[in-house]
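User: I would like to work through this model by question and answer. Please show the sequence and the structure before we start.

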Amino acid sequence: MSKITERVETIVTPIVESLGFELVDVEYVKEGPDYYLRIAIDKPGGIDIADCATASEKISEVMDKEDPIAEAYFMDVSSPGAERPLKKEKDYQDALGQNIYVKLYEPIEGDKEWIGILESVTDDVITVQAKIKTRTKSIEIDRKKIAKIRRAVVL
């Protein structure tokens, strides 16, 4: 399915950018018997429902012509939300100093999930300042071990 998301991203990026939006994520998944194409967009100040409707209409026109997906699917164009995924290098840089949630392929210090402040980012490693009970600790995480990473809303 990654080839489909790559192809859709190539098709959708110029459309989204022409509307003054940023393409945050493209996801193509099967849930039960149905396929879903989810496209997350954003802009400074945030996306509203009218922005999503405009983008959806433009994207649908081009997707119908290009037809990169053989199966029938449902398409959803939305905001990435407050807990947006970190996919691109810019996302990581924008999240510095912010709360993030990281899920790993294998545990570090016995845990596969970490929530904390993103302290630093290199090509190979991120450093998260995690709160463990009453103390904080800097955890270095190899980027190859990250299964999912997103911003986190912490109350």
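User: Are Y28 and Y35 buried or exposed?

Analyst: The model is a predicted one, and the answer rests on relative accessible area, for which buried means under 20%. Y28 has 5% relative accessibility and therefore counts as buried. Y35 falls in that class as well, so that for Y28 and Y35 the answer is buried.

User: What kind of aromatic pair do Y28 and Y35 form?

Analyst: A pair of aromatic rings is described by the distance of the centres and the angle of the planes. For Y28 and Y35 the centres are 5.5 Å apart, with 10 degrees between the planes. Planes under 30 degrees apart count as stacked. The pair of Y28 and Y35 is therefore stacked.

User: Which parts of the chain does the aromatic pair of Y28 and Y73 link?

Analyst: The rings of Y28 and Y73 lie 6.5 Å centre to centre with 80 degrees between the planes, an edge-to-face arrangement. The two residues are 45 residues apart, and their pair links distant parts of the chain. Y28 belongs to strand 1, and Y73 to the loop between helix 2 and strand 3.

User: Which residues form one aromatic cluster?

Analyst: The whole structure holds three aromatic pairs. Y28 pairs with Y35 and also with Y73. Y73 counts as partly exposed because its relative accessibility is 26%. The cluster consists of Y28, Y35 and Y73.

User: Over which ring does the charged end of R143 sit?

Analyst: The criterion places the CZ of Arg within 6 Å of the ring centre. The charged end of R143 is 4.2 Å from the centre of the ring in question. That ring belongs to Y92.

User: What do the ends of helix 1 say about its span, and how far apart are its end C-alpha atoms?

Analyst: Helix 1 comprises 17 residues, residues 2-18. At 1.5 Å a residue, it should therefore span 24 Å. The end C-alpha atoms agree with this, their separation being 24 Å.

User: Where in helix 1 does a kink lie?

Analyst: The helix bends by about 35 degrees, shortly before the proline P14. The residue at which this kink lies is V12.

User: Which elements do the buried residues of helix 1 pack against?

Analyst: An α-helix has 3.6 residues a turn, so residues three or four places apart point the same way. In helix 1 the buried residues are I4, T5, V8, I11, V12, I15 and V16. They pack against strand 1 (22-31), strand 2 (34-42) and helix 2 (49-66).

User: Which residue follows helix 1, and what is its phi?

Analyst: The residue after helix 1 is G20. Its phi is positive, near 85 degrees.

User: How far apart are the closest N and O atoms of R38 and E31?

Analyst: Side chains of opposite charge can pair when their charged atoms come close. R38 forms a salt bridge with E27, with the closest N and O atoms 3.5 Å apart. R38 lies in strand 2 and E27 in strand 1, so this pair ties together parts that are eleven residues apart in sequence. R38 also forms a salt bridge with E31, where the closest N and O atoms are 3.0 Å apart.

User: Is E31 buried, partly exposed or exposed?

Analyst: E31 has its place in strand 1. Leaving aside neighbours within four places in sequence, E31 is in contact with Y36 and R38. Its relative accessible area is 38%, which means that E31 is partly exposed.

User: How many residues apart are D94 and K90?

Analyst: D94 forms a salt bridge with K90, the closest N and O atoms being 2.7 Å apart. D94 counts as partly exposed because its relative accessibility is 39%. Both residues lie in helix 3, about one turn of the helix apart, and the separation is four residues.

User: Which residues are linked with R84 in a network of salt bridges?

Analyst: R84 is found in the loop between strand 3 (74-78) and helix 3 (89-94), and it counts as buried because its relative accessibility is 12%. Leaving aside neighbours within four places in sequence, R84 is in contact with E22, V24, D42, D91, R150 and R151. The residues linked with R84 in the network are E22, D42 and D91.

Definitions and conventions. Residues numbered from 1 in each chain as written. Predicted model: local features only at pLDDT ≥ 70, side-chain atom pairs only at ≥ 80, totals over all residues. Heavy atoms only, no water. Expected span 1.5 Å × (residues − 1). Bend = angle between axes of the 7 residues up to and from the residue. Buried < 20%, exposed > 50% of the residue type's maximum accessible area, 1.4 Å probe, protein only. Contact = heavy atoms within 4.5 Å. Salt bridge = Lys/Arg side-chain N within 4 Å of Asp/Glu carboxyl O. Phe/Tyr/Trp six-rings, centres within 6.5 Å; stacked < 30°, edge-to-face > 60°. Lys NZ or Arg CZ within 6 Å of the ring centre and 35° of its normal.
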